[in-house]
Amino acid sequence: MTPNEVLEFAKKNDARQLDLRFTDLPGLLQHVSYPINMLDEDSFEEGFGIDGSSIRGWAAINESDMLLVPDSTTAYMDPFAETPTLTMTCDVIDPITRQHYDRDPRWIARKAEMHLKNSGLADTAYFGAEAEFFIFDNVSFDQNQHSGYYYVDAEEGRWNSGRRENNLGYRPRYKEGYFPVPPTDHYQDLRSEMVSTMMKCGIVIECHHHEVATGGQAEIDQKYDTLIRSADNMMLYKYVIRNVAYQYGKTVTFMPKPLFADNGSGMHTHQSLWKDGKPLFAGDGYAGLSQLALWYIGGLLKHARALSAIIAPTTNSYKRLVPGYEAPVNLAYSRRNRSAAVRIPMYSASPKAKRVEFRPPDPACNPYMAFAAMLMAGIDGVQNKIDPGEPLDKDIYDLSPEELKRVPSMPASLEEALNCLEEDHAFLLKGDVFSEELLETFISYKRKNEADAIRLRPHPYEFALYYDI
């Protein structure tokens, strides 16, 4: 919609509140609301002033004034607000220079799209991300100077099979939750409600299903879109899923690994390049790929260890990225093989369907930064004609120790991933998409507030291991 169409849309839907949304550096959606009469046609140029000093990863207090400029193409009516509320995603603008704010993740994504066009390689990057999540009935956790614990429960959790009362059975076994019908799949109707709500908000949904783990693991797949639109949709996807679950008395987490010894939640990310309306990844090479696509894969694999700090950005991410559970820790590519970091889907022979799937990302990432970083790695691969090596069509976990040694792997911890990003980030600086200052801020934030914070605290299992030592 144009600004004028948004104003008409608000009037037609009797909107009484305006809700403006943006994303902080770690990837959490933020918002501020105004009476609808504060919105006029000039608002789409002048924006709305906010204090950015308390937003994670943003400016110091002496440079905290920011403007939120709504993007009229993102407008929709909030399906959860009792008061009719018009909602839009915003760009963050510096009020002094009137330039985009360098730490706004959405601006990073926009710059990545512009860099692709300026490169002449392609004019459009399509992304389709499959974010998995868990639906729980109860969660409690705490950490202080003398105690630390977490407890999650789900009616569908296999661990409840031994309960004596109010127990009807029908729960997925550990690692056997893929595609069972109800009543073993407890959340068919809940996921359908999530899908209906997302469609009302303008997201195109392709399918939904139960995932591998017990305890309510699920996946809802969106249709691919341009990089920045896919990132916008991922933020909306999380918002809708959490709020629909909340209305049903459930709680959702996008943590990569909330359950021990069962599958974690990934965000397999499909991507392709197009130019003048034509797909560039289809060809007569391996798995029907073009040479350009193979070079793109080469870039993803070469920079995967550095990318990990952005696409798998939590300490919990590396409890998922371990051998087993289909975890794509080995940096190889293959058609159909889900144990490879890069998979080439073979569902369709259509050139328009040809794409690569990068499997290490998880849904804890900031999608604007993650999609932008993956695109930058792929562009670097094409520009430098990076050979991805030979495909690995064997089952990686059946390889001999000698063969496995020749396959590089993802980092084993967030600290290692941050070190990799420090060492290898020149590809992200091209076209001024990322900046040294932003990456230093990101690394410092993650190291201090997450990696070091976890390292300094005793773990409950350490008491089981060492109390009597």
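In what follows, a residue is called buried if its relative accessible area is under 20%, exposed if it is over 50%, and partly exposed in between, with a 1.4 Å probe and protein chains only. Thr314, at 15% relative accessibility, therefore counts as buried.

Colleagues, a word on the source. This is a predicted model, in which local features need pLDDT of at least 70 and side-chain atom pairs count only at pLDDT 80 or more, while totals for chains, interfaces and linings use all residues. Residues are numbered from 1 along each chain as its sequence is written, and side-chain values use heavy atoms, with hydrogens and water left out.

Let me stay with Thr314. This residue lies in the loop between helix H7 (304-311) and helix H8 (317-320); helices (H or I, at least four residues) and strands (E, at least two) are DSSP runs, numbered from the N terminus. Neighbours within four places in sequence aside, Thr314 is in contact (heavy atoms within 4.5 Å) with Pro256, Ala364, Leu414 and Glu450. Arg447 is 133 residues away from Thr314 in sequence, yet the C-alpha to C-alpha separation is 10.0 Å.

I turn to the aromatic rings. Rings of Phe, Tyr and Trp (its six-membered ring) pair if their centres lie within 6.5 Å; planes under 30 degrees apart count as stacked, over 60 as edge-to-face, and the rest as tilted. The whole structure holds 15 aromatic pairs. One of them joins Phe80 and Tyr239, edge-to-face, with 5.6 Å between centres and 75 degrees between planes. Phe80 sits in the loop between strand S5 (76-77) and strand S6 (85-93), and Tyr239 in helix H5 (residues 227-247), 159 residues apart. Both Phe80 and Tyr239 are buried.

Phe127 and Phe371 form a stacked pair, 5.1 Å centre to centre and 25 degrees between the planes. Phe127 belongs to strand S7 (residues 124-136) and Phe371 to helix H9 (residues 367-383), so this pair ties together parts 244 residues apart in sequence. Phe127 and Phe371 are both buried.

Finally, Phe22, Trp58 and Tyr101 form one aromatic cluster.
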